[in-house]
Amino acid sequence: MADAIHQVSFVDVKESYPPGSSIQCRYVVKGPHACSNKDWIGIYRVGWRSCNNYEAYVWVQIPPATDESQEVECGGTVTFPADILPSDSRDFYQFCYISSASQVCGVSAPFQMCESVDDLFEVQDPDDPSTMVIKTRAQVLEEQVGALKKERLELQKETQLLHCELDAERTSKGQLMNQLQILSELQDQLNKERDNNRALNENLKELQETLQTERKANEQLHGQIRGMRDELITERKVREESLNQPFNVPDGVKAAASISDTDEGGDQMKNSFASASPGGDAELKQMSLTERITGSVLKHLKKASDWLAEDFDDDQMLEVEPAIPVAAAKPEQSLSLCPVCNFDFLNLSESEVTAHIDGHNGPVCPICYTQFDKNADGDVISAHVNNHLENPEDILSF
């Protein structure tokens, strides 16, 4: 039996194994022992006396032979699960190889089920920094694992906070994108407004140029008006000179005019006519009519003289009595019909309308206010006035 116990040897056996962990046991068959699947390896307390006093055991696993002539190589590794291992750390244990015939084929060196000296650490007590505490590797690892778990929780909290911040940043980014879009739209509107302003500036320049052109045209019109005013002033002077010349009045009218200067002369004339002729009453009646005609002529002549004597305003056109419609129509007014001859101005330009109206601005009859053309013959005008003077009834109707 002493020779059989050395047929199997165990290798890499540690002095101690940590509790709560599985143990791997390596063995090597050195003798002529024929391994069998019914062999087993047990853990025995040192001082054991019977093969049945094991604390735990596992069956030996023999690989199958691929050839009948091939010998099966014994040896290998078996694993003891942690839940079948002994828990007493004060005792010593050893591996034993037991054959199917309950023969002990090998025994290992003793070991303990506790932390080894190499797994013990001297660390500082966290509650009392001045005290050193001996802890096993497992305890240290557990504390480290606990610290890592705590750190992991903190990291998870920080991760949640970061996720919240990320969501807030995304929300803020969305708002910024909306604001950016609004700013982009406002920029487009600003560009459109700038384009509109440029167009308005161009239109303003065109309007200014048009205004300058209109001003020049107005200046030309004012020049024409001033020329027309000068012509009217000249014409007024001509009229005044023509009015200062004596009319060809019949002798009877002249006598009546001279007599009407004084009431005495009129009475004397009446008395003379009454005494000189049997038909004195008829002659007196004719004389009274002549006086009335002469007075009307003189009144009209005085009114025409006063009208021609009025001064022109330098800043305005000549203002004429409403009875003289041609002079009341200013050149710049928009007329559809001629105020003198009712001629239709529909297809005439402004210059043509002005020339037409200007053609009527001739002499005016002091009795009936008839307007003659500029180029009217003086004999025709004199004949017209004499016709009024020779027909007293016509004069009294004005």
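Rings of Phe, Tyr and Trp (its six-membered ring) form an aromatic pair if their centres lie within 6.5 Å; planes under 30 degrees apart count as stacked, over 60 as edge-to-face and the rest as tilted.

**View 1. Aromatic pairs in the predicted model.** A search of the whole structure finds 13 aromatic pairs. The model is predicted: local features need pLDDT of at least 70 and side-chain atom pairs pLDDT 80 or more, whereas totals for chains, interfaces and linings use all residues. Residues are numbered from 1 along each chain as its sequence is written, and side-chain values use heavy atoms, leaving out hydrogens and water.

**View 2. The aromatic cluster.** Trp40, Tyr44, Trp48, Tyr54, Tyr57 and Trp59 belong to one aromatic cluster. Tyrosine 57 is part of strand 4, residues 54–59 (a strand is a DSSP run of E of at least two residues, numbered from the N terminus).

View 3. Buried means under 20% relative accessible area, exposed over 50%, and partly exposed in between (1.4 Å probe, protein chains only). Buried residues make up 27% of the 398 residues in the chain.

**View 4. Contacts across the chain.** Of the contacts (heavy atoms within 4.5 Å) with a separation of 6 or more, 53% are between residues 24 or more positions apart.

Terms used: Helices (H or I, at least four residues) and strands (E, at least two) are DSSP runs, numbered from the N terminus.
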